[in-house]
Amino acid sequence: MHPKVRRYATTPERGQTVVLVAVFMMSLMGMATFAIDMGSWYQSKRAVQAAADAAALAGASRLPVSSSAATTAASAEYQKNGLGSDSVSYQVTTNQHSSDSLTVTATRVVPTWFAKLFGYNSTTITATSRATVQSFQQVVPNQNVMPWGVL
């Protein structure tokens, strides 16, 4: 045998690379879960919130007519913007005067992608929006503007 060639004896450290790769892959899957699934959930939250906001504003515009007209208008607007699988509730509420607000609460079950590996198959997204109708009691000089807004 050549004097410069060494033979390496097998040591109990063989196979550590497999363990390290397995641990790294699990942490990589955790990061993918965080990035992809959380992004999907955030996008769903924004979509549900936008649909609830639109429904609340459409319904509040019909509150001076009647509560049922407001609920019907809000429901029609949510059907245009939301999903048919969403669970939506409409409630005429009081903010400053009796029955001057419409509150829309929408719930959507969103599936997961990578979180299924960790036992999470879906998550529930909920959004609430309230719109209030206000009217002038009196006109004050230089303050006769009535803005619209979502609370």
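This is a predicted model: local features need pLDDT of at least 70, side-chain atom pairs count only at pLDDT 80 or more; totals for chains, interfaces and linings use all residues.

**The whole chain**

The chain contains two helices and three strands, and along the sequence their pattern is α-α-β-β-β. If the chain is then coloured by burial, buried residues account for 26% of its 151 residues. Among the contacts in the chain with a separation of 6 or more, 55% are between residues 24 or more positions apart.

Next, select α1 (16–60) and α2 (67–81). How do these two helices lie relative to each other, parallel or antiparallel? Their axes come within 7 Å and cross at roughly 150 degrees. Since angles over 145 degrees count as roughly antiparallel, α1 and α2 are therefore roughly antiparallel to each other. The crossing of α1 past α2 is right-handed.

Now display the side chains where the helices meet. On α1, select Val-48, Ala-51, Ala-52, Ala-54, Ala-55, Ala-58 and Gly-59; they meet Ala-70, Ala-73, Ala-74, Glu-77, Tyr-78 and Asn-81 of α2. By type, the residues of this contact comprise 10 nonpolar, two polar and one charged.

**The largest nonpolar core**

Proceed to the largest nonpolar core, which has 18 residues. Select Val-48, Ala-55, Leu-63, Tyr-78, Leu-102, Val-104 and Ile-125, the residues with the most contacts inside this core. Two or more core residues come from each of α1, α2, β2 (101–111) and β3 (122–132). The contribution of α1 is the greatest, at seven residues.

Centre the view on Val-48. Which residues does Val-48 contact, leaving aside its neighbours within four places in sequence? They are Tyr-78, Ala-106, Arg-108, Ile-125 and Ala-127. Of these, Tyr-78 belongs to the α2 side of the helix contact described above.

**A loop residue**

Finally, select Ser-99, in the loop between β1 (87–93) and β2. Most residues other than glycine have a negative phi. Ser-99, although not a glycine, has a positive phi of about 55 degrees. Is this residue buried, partly exposed or exposed? The relative accessibility of Ser-99 is 37%. Buried means under 20% and exposed over 50%, so Ser-99 counts as partly exposed.

Terms used:
Residues are numbered from 1 along each chain as its sequence is written. Side-chain values use heavy atoms; hydrogens and water are left out. A nonpolar core is a set of buried Ala, Val, Leu, Ile, Met, Phe, Trp, Tyr and Cys residues joined through side-chain atoms within 4.5 Å. Buried means under 20% relative accessible area, exposed over 50%, partly exposed in between (1.4 Å probe, protein chains only). Helices (H or I, at least four residues) and strands (E, at least two) are DSSP runs, numbered from the N terminus. Contact means heavy atoms within 4.5 Å. Axes are lines fitted to C-alpha atoms, for helices over the stretch in contact, and angles run from 0 to 180 degrees between N-to-C directions. Angles under 35 degrees count as roughly parallel, over 145 as roughly antiparallel, 65 to 115 as roughly perpendicular and the rest as oblique. A crossing is left-handed if the near helix is turned anticlockwise from the far one by less than a right angle, and right-handed if clockwise. Ala, Val, Leu, Ile, Met, Phe, Trp, Tyr, Cys and Pro count as nonpolar, Asp, Glu, Lys and Arg as charged, and the others, Gly among them, as polar.
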